[in-house]
Amino acid sequence: MFVRMIDVAINNRLLILMLLVGSMAYALFVVPKLNLDAFPDVTNVQVQINTEAQGLAAEEVEQLITYPIEAVMYALPDVEEVRSISKTGLSVITVVFREGTDIYFARQLVFQKLQDARQTVPAWAGTPKIGPNTSGLGQVFQYIIKADPEAGYDALSLRALNDWVVKLMLMPVAGVTDILSYGGEVRQYQVRIDAGKLLSYRLHVSDVVRAIRANNRNAGGWYLPQGDEQLVIRGVGWVPGGEDGLSAIAAIPVRTVNGISVRVRDVATVAFGGEIRQGAVTMMERDGQGGVRNLGEVVVGIVLKRFGANTKNTIDDVKARLEIVRKSMPAGVTIQPFYDQSDLIDKAVWTVEKALLEAFVLIIIILFLFLMNVRAATLVLLSVPISVLSALAVMEHYGISANLMSLGGLAIAIGMMVDGSVVMVENIFKHLERSAPGDHGIALRIAEASREVARPVLFAVLIILLVFTPLFALQGVEGKMFTPMALSICFAMFASLLVALFVMPVLASYLFTRGVVHRDSPVLAPIARAYHGLLKSALAARRRVVGGAAAAFVLTLAAVPFLGTEFVPELEEGTLAVRVTLAPSSSLAYARATGEKLERVLIENFPEVTYVSARTGRAEIGGDPEPVSNVELFVGLRPVSEWTSAPDRPSLQRLMREKMEVVPGVLIAFTQPIAMRVDELLSGVKAALAIKLFGPDLAVLAEKGRQIEALTRKVEGTRDVAMEQIEGEAQLVIRPDRSRLDRYGIAVDEVMSLVADAIGGAAAGQVISGNERYDIYVRLDEPFRNSAEAIGQLILQAPDGAWVRLEDVASIAIEQGPPMIKRDDVQRRVVIQSNVEDRYGLAGCGAGPAYPCLNRSAAGLYGRIRRSVREPAARPGQADDRRAVVAADDLPAALFHVPFGWSGGADHAQCADGADRRHSGLADLGPVSVRAVQHWFYRAVRGGCA
């Protein structure tokens, strides 16, 4: 068949040439549209549901919001996992669907089911909403808004500029699904109530709220005919914006007493202020002269890319749009990009370009030296760009993004692409050497030469393709990461096969119209003589050659157990992400001050650092739901060639850790922005390794988690070992005494209303000014709620008019509670997480990779966990429902060292005794039930079972 096809191609060479030119023109047209990403997006199909929970504590958020929504989501088809985070004032639920589910179909299913779930969530607790349509790697571009000191813009003004100017101008960019604001303060028209004055007029906070709502409304009355015209009837009663709005709110009457109006200003102070916030951003940068400039608090905008959008095009469009936005900024206010994934994309593209250039040079040199013919070398050289362009065009057609892995596949395949063409051209060259000058049978000789090697070329390429077929069997994260690489290689190799079989003979018929002249290669002759001599010696000593090969093979097998393993090499992103964990009860002010200290430590001690930005807590809804006790430092670095403090990143991180540990009470973990995201995508944990402990009782989880944490710290090679904070948050708990309340005829609801509305605050409408919308927030003034004693003195009014202090009818005490509660598949869990020590120079291992040493040390950890972590004994006659389930996640993160060469997903492992121990539910493995921990410590490390 191939013989006939080759003959047809040569006999219709003009048609083949036209098809080649047309296909290359098409490729050049579509390749610019190819999706360019920095890294393969390993995000599974997931939909987030976010709920702002009106200041409720983590336990109330879990019970009132998280659990009811989780319960209904399992009724959806193709749901694989539901995990959640419940923390003070926020619930985040992630619904993971089976791979292959259309993201928009999944979002529609969740939206429909969410309507049912809202019926079970109290209206006062919050309104669940679907999060942005983005992936875990969707934070592709970040900028800061900063103001010169003399410009007169504070955190309130900068946040308003980002929310109502910058965001609105960037949102129309194709590929952008949302822009998060981080830092600054959201403006509010605050009504700060004086509790004493409120009481003297016998008013409640609810009276003030109702009065403001009743005096802030517009209305429409349709039309009023006026002869041949009609007038639109409008009622304008909105509170105006700015200082006029403050005056209007202050003048609103709340009640009339003896003909005299009691206005808002009589019982409260009305002023601008910032809403209760959960995060802040500060920044220090190095100027052009190398000096350090403290920018103080800044506002960060985080651009979220729409799921499936072209990363490079999105970033380029955002940059172009920023030039327009800058013209809208007031004098003294600037927008400065500081994180841009397009830099990584450019590096990935340059990697392929560099490989192509090097391949061209090597092919030209080698072919010219061996064939001694420029036309032959040029002919083979053409096969590379044709194959690469064809592969990229097919990738664009099937929606496969060009990223570090897929482009890396093309770089790997470059050397193989020319194999078929080299064989074809070399055989054609030999045949044409035998032709006489003026021979008119050139085409026949080319066809004969092509037919001779068509079958070997075909089988050679098919064998290469077969080598990559196991990659197509990978699933989950591995499949998303390596399948695009395998596809790009296969596309390129298949294109190179077509080029070798059909394009090379046709092009040869045009280039070699007069035949070729043989020239002896000065390089090939000595190589051939040396090879013949070595071959003769090897044949004379066959036993020794075979024995030596066998011995080398055995020695290689013996070295395999000592060989370190990793999922893929680490990607150097050029930016560090340093996670700093403080005590759970830390305040925003303390966390922010700690972040600024660490900023100064890094930028003043390391000239490699260009900027340090400390992010405390969380951004608005849609970002990472981090507590205030979490500070993330983004550290910009110069190119490695300009470093002076350390030769590489691991060494630099060690030095940074030593300097940062002078700040007491912090737990420090180093990673990189994309690397951190990949880890979190895999199991919701921002670390390379994690042990999950499941159970219903938070106290038991905390106790057993600390024991596992202590055991894990003893494993060589672990670094930044820490248990998630599930206890230690200081809470001021107000518990009504029902018997005392009953004595005064006061309902519990009145106490809770005092807590929620007077202490926590209540929204009484909005002030609308153009595009801007700000809440009118009513709350007790700070002196009446800044201590437990002040709160205890707050007055409740009984139905008979009696005044009762809150402390007389309720207990007010400081207690410890969970800062957040995390759940996987409707089970509470805690994670003991760890990063992996540097690859080289691990203590106790000597020089070389650290993984074998880590593997040997970790091999006994599972046994120690099993012996040391015991379940609490159940009381007689009581069912033991406090059992803890341990699961270990070996995260196959592409950017992290994974010390165990296996990455999970199997349902069971075959044990040495023949038992098939499944890992679903509670495995019968002794006092502590173990699920996936066997994968980590036995299948991956020992290759066996407990």
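Analyst: Start with pairing: two strands pair if DSSP finds at least two bridges between them. Helices (H or I, at least four residues) and strands (E, at least two) are DSSP runs, numbered from the N terminus. Here E17 and E20 pair in the antiparallel sense over five bridges. Ala 577 stands opposite Thr 671 in E20. This is a predicted model: local features need pLDDT of at least 70, side-chain atom pairs count only at pLDDT 80 or more, and totals for chains, interfaces and linings use all residues. Residues are numbered from 1 along each chain as its sequence is written, and side-chain values use heavy atoms, without hydrogens and water.

User: Which strand is joined to E17 by seven bridges?

Analyst: Strand E19 (residues 630-637), running antiparallel to E17. Thr 575 has Gly 636 as its bridge partner there.

User: How many of the seven residues of E17 are buried?

Analyst: Buried means under 20% relative accessible area, exposed over 50%, partly exposed in between (1.4 Å probe, protein chains only). In E17 (residues 575-581), six of seven are buried.

User: Is Phe 670 buried or exposed?

Analyst: Phe 670 is buried, at 6% relative accessible area. Phe 670 sits in strand E20 (residues 667-671). Contact means heavy atoms within 4.5 Å. Beyond neighbours within four places in sequence, its contacts include Leu 576, Met 656 and Asn 835.

User: How do I read a helix face?

Analyst: An α-helix has 3.6 residues a turn, so residues three or four places apart point the same way. The buried residues of H4 include Ile 103, Ala 106 and Val 110. Down the axis of H4, its buried residues fall within an arc of 160 degrees (directions from the helix axis to the C-beta atoms), so they line one face.
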